[in-house]
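Subject: Structure for your review

Dear colleague,

Please find the structure below, handed over for your use.

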Amino acid sequence: MSVPLLDLTRQYQPLREEFREVLDRVCDSQRFILGPEVDAFETEAARALGVAHAVGVTSGTDALLEALMALDVGPGDEVVVPTFTFFATAGVVTRLGATPVFADIDPVDFCIDPQQIADHIGPATRAVVPVHLFGQSADMDAVLEAAGSVPVLEDCAQAWGADCGGRQVGSMGVMGAFSFFPSKNLGCFGDGGLITTGDPDVDRKLRELRAHGQSGPYEHPLVGGNFRIDALQAAVLRVKLPHVDGWIGGRRANADRYRRLFAEAGLEGTVDLPQAVAGRGHTFNQYVVRVPKRDALRAFLAERGIGVAVYYPLPLHLQPCFTYLGYHQGDFPVSEHASREVLALPVFPELTQDEQHEVVNAIAEFYSA
């Protein structure tokens, strides 16, 4: 039996007619840029996340970029980011002419190590960007304490619905940046993103920046960009938003089933399963295990038609584009060790019990050979 890493058609089919209805509604209105669909989605998203303000933007990457622009990050500034994360977290810092300062991760939750934040903050630090990786919140109490007076921008791209001590991700820092890439817990029909904030002045600045820094018709107090989410994407997200909690529940149920199946297969000492830290609401956007002989196992599963992925095979401090920063192998041992062992298994909500059995049985077969 083949098992896909992700099958979005299973999510789409039950909602197909609703999607067609709202897409027709937008097409009939011919209001494609901002407008009532975007306004409504921003209101509904802010309510769901427990924040005062939410600004729809073009992508998760642009959410990070615009949020840093709102903090006036630029040449000569430094931004502390984890080295074990998707490229955009650091890439947007460099695009603004600032310097990413890399930090190691906690070996249990894969999120930035708060002590590393404290160690890497200096006089040029303009922001700290913790990433809520794989669907679990970073330890935000410790992050905020370590950052002190330095603004914290939460990278929530993978963690819609996660929380820390009852507070939703995106509500604890000065801003939160979300991605609606189709594979996310809440995904649209292409690229889309969101920036959250509790500060009305920041909200105003974000709305200006996403429209070329415009405060009124052809009045530009700021230099911004074209970061406006499409009305079509907002309409799709409005259909999906009421279902996302149920989908996250499905991911959590699948994670629980994996834990039982791996225990029954006697693999607990071989396969290191993800830890859902108490009080941090893991949403399992990815189900990332740590395994010995990772690359050989990956090849074996591919031959069996089982979809897996490696997030991430090379920490950012070792990427060729960042060699100018002077980092070396061994600088961040926790991240480097994780990059050699991590493997993401299928966990999407519609995954069947039989498919999960197939995944675990195949892994058991590999390690018993």
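A pocket here is an open set of grid points with protein on both sides within 12 Å along at least five of seven lines. Please note that this is a predicted model.

The largest pocket

The largest pocket holds about 590 Å³ of space. Its lining is made up of 32 residues, and those closest to the centre are Q158, F181, S183, K184 and Q286. By type, the lining residues comprise 17 nonpolar, 11 polar and four charged. At least two lining residues come from each of α3 (60–70), α4 (88–95) and β11 (342–345). Of the elements, α3 gives the most, with three residues.

Salt bridges

The whole structure contains 18 salt bridges.

E355 pairs with R10, with 2.8 Å between the closest N and O atoms. This pair links distant parts of the chain, since E355 belongs to helix α12 (residues 353–368) and R10 to helix α1 (residues 9–29), 345 residues apart. E355 counts as buried because its relative accessibility is 7%, under the 20% limit. R10, with a relative accessible area of 25%, is partly exposed.

R238 forms a salt bridge with E37, and their closest N and O atoms are 3.1 Å apart. Distant parts of the chain are again linked: R238 is in helix α8 (residues 231–240) and E37 in helix α2 (residues 36–49), 201 residues apart. Here R238 is partly exposed, at 26% relative accessibility, whereas E37 is buried, at 9%. Both residues also belong to a network of salt bridges that links R25, E37, E44 and R238.

D77 and R126 meet through their side chains in a salt bridge, at 3.5 Å from N to O.

When you open the model, the pocket may be located from Q158, F181, S183, K184 and Q286, the lining residues closest to its centre. The network of salt bridges may be found at R25, E37, E44 and R238.

With kind regards

Definitions and conventions:
Residues are numbered from 1 along each chain as its sequence is written. This is a predicted model: local features need pLDDT of at least 70, side-chain atom pairs count only at pLDDT 80 or more; totals for chains, interfaces and linings use all residues. Side-chain values use heavy atoms; hydrogens and water are left out. On a 1 Å grid over the protein atoms alone, a cavity is a set of points where a 1.4 Å probe fits but cannot get out, and a pocket is an open set with protein on both sides within 12 Å along at least five of seven lines; lining residues have an atom within 4 Å of a point. Grid points are joined across faces, edges and corners, and a volume is the space filled by probe spheres set on the points. Helices (H or I, at least four residues) and strands (E, at least two) are DSSP runs, numbered from the N terminus. Ala, Val, Leu, Ile, Met, Phe, Trp, Tyr, Cys and Pro count as nonpolar, Asp, Glu, Lys and Arg as charged, and the others, Gly among them, as polar. A salt bridge is a side-chain nitrogen of Lys or Arg within 4 Å of a carboxyl oxygen of Asp or Glu. Buried means under 20% relative accessible area, exposed over 50%, partly exposed in between (1.4 Å probe, protein chains only).
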